Amino acid sequence: MQVHFGIEHLAAEWPEAVGCIGTFDGVHLGHQFVISQTVSRARALGVPAVLITFDRHPAAILHPDRAPLAIGSVESNLARFAELGVDIALILPFTPELAATPALAFFDTVLRDSVRLKEIIVGHDFAFGHDREGTPEWLAVRLPCETIPPFLMEGARVSSSAIRRAVEEGRVEDAQRLLGRPFTIPGVIVKGAQLGRTIGFPTANLARSFRQVMPRDGIYAGNVTGPFGVFRTAVSVGMRPTVEGTNRTIEAFLIDYKGGEFYGESVELTLTQWIREERHFDDLDAMRVQIEKDVMIARGDEK
């Protein structure tokens, strides 16, 4: 998949393309259906499948005081696009100037002249341009436009908002159902207080690099993927009340990992199961006993 940031250096040599446009945060099941329909139609016509998205949620510019936290990083979203068969991903910087661009100017400059769309596929609630003038109905007057209805699961609409709520409430199993895969936190391993190794459970401390939705404080099961491979892990998210922590951390104990330290390495943490709430223990021995139980659950030895 080719990736272009902005249209300045995009020189499309194809005569026509089929495209989709949207925020696609997290690339959940509804997004996947829109993208798959785009790829399928492009293949049928023998033209490229072009996905147009933005470098941030539009609300970060339009309503910064209530802009939602991201579900996935730009990099992880791009990986999902490629897996779905997209040929070209065009990422547009969402700036105040873009937000003020009339729909017709955006259509002429981006969709028609730069990307050369023959057909477009959008979600039912998508709109672009100043004052959201560019609705699916508006688009359909200018080129063939397929509008995808809400994607339902058990009667409820799959949405980025529902996934954010599930993550924030610790319902990572529900988030996984809506995403079609586990919720993932990318980050870099940094040094922590190194208290875990004193009780037999050395943890990797994860530092994040973008404004991603934060899971509810508690203990989770999951996996860590990095240059060392993939390991099951027990994860603690929270303030570490037993040791009077002063900042929220994400700490992962890699089950059966026998290697050395990997500070500074980039990893991906997936959360697959909520185990319990974070709690205060009277001493480190009591905490160690509980961690042993948590690790058994995370390993899959105990429900």
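Helix 8 lies across strand 9, strand 11 and strand 14, running at about 120 degrees to strand 14. The exercises below concern this helix and its surroundings in a predicted model.

**Exercise 1**

Find which residues of helix 8 are buried, and state how they are placed around the helix axis.

Solution. Step one: helix 8 covers residues 172–179. Step two: apply the cut-off for burial, under 20% relative accessible area. Val172, Ala175, Leu178 and Leu179 are buried. Step three: these residues cover an arc of only 115 degrees around the axis, so they lie on the same side of helix 8. Step four: look at what the buried residues pack against. Among the partners are strand 9 (183–190), strand 11 (218–226) and strand 14 (266–276). The helices packed against them are helix 1 (29–45) and helix 7 (160–168), and strand 7 (152–153) also takes part.

**Exercise 2**

Determine in which order the strands of the closed barrel run, and trace some of the pairings.

Solution. Step one: the barrel has six strands in the order 9-10-13-12-11-14, and the pairing is antiparallel. From one strand to the next, the twist averages 45 degrees. Step two: begin with strand 9 and strand 10 (residues 204–207), an antiparallel pair with three bridges. Here Ile189 has Leu206 in strand 10 as its bridge partner. Step three: strand 9 is also joined to strand 14, by six bridges, again antiparallel. In this pairing Gly187 stands opposite Val267 of strand 14. Step four: strand 14 is joined to strand 11 by seven bridges, and these two run antiparallel. Opposite Glu268 in strand 14 stands Thr225.

**Exercise 3**

Describe where Thr233 sits, whether buried or exposed, and what its side chain meets.

Solution. Step one: Thr233 belongs to strand 12 (residues 229–238). Step two: its relative accessible area is 0%, so Thr233 is buried. Step three: list contacts, leaving out residues up to four places away in sequence. Thr233 touches residues including Tyr220, Ala221, Gly222, Asn223 and Val224. Further contacts of Thr233 include Ala252, Phe253, Leu254 and Ile255, as well as Leu269 and Ala298. A polar atom of the Thr233 side chain lies 2.8 Å from the backbone oxygen of Phe253. Ser114 is 119 residues from Thr233 in sequence, and the two are 46 Å apart in space, C-alpha to C-alpha.

Note on methods
Residues numbered from 1 in each chain as written. Predicted model: local features only at pLDDT ≥ 70, side-chain atom pairs only at ≥ 80, totals over all residues. Heavy atoms only, no water. Buried < 20%, exposed > 50% of the residue type's maximum accessible area, 1.4 Å probe, protein only. Helix = DSSP H or I, 4+ residues; strand = E, 2+ residues; numbered from the N terminus. Arc of directions from axis to C-beta. Contact = heavy atoms within 4.5 Å. Pairing = 2+ DSSP bridges. Axes fitted to C-alpha atoms, helices over the stretch in contact; angles between N-to-C directions. Polar contact = N/O pair within 3.5 Å; in protein donor to acceptor, adjacent residues only side chain to side chain.
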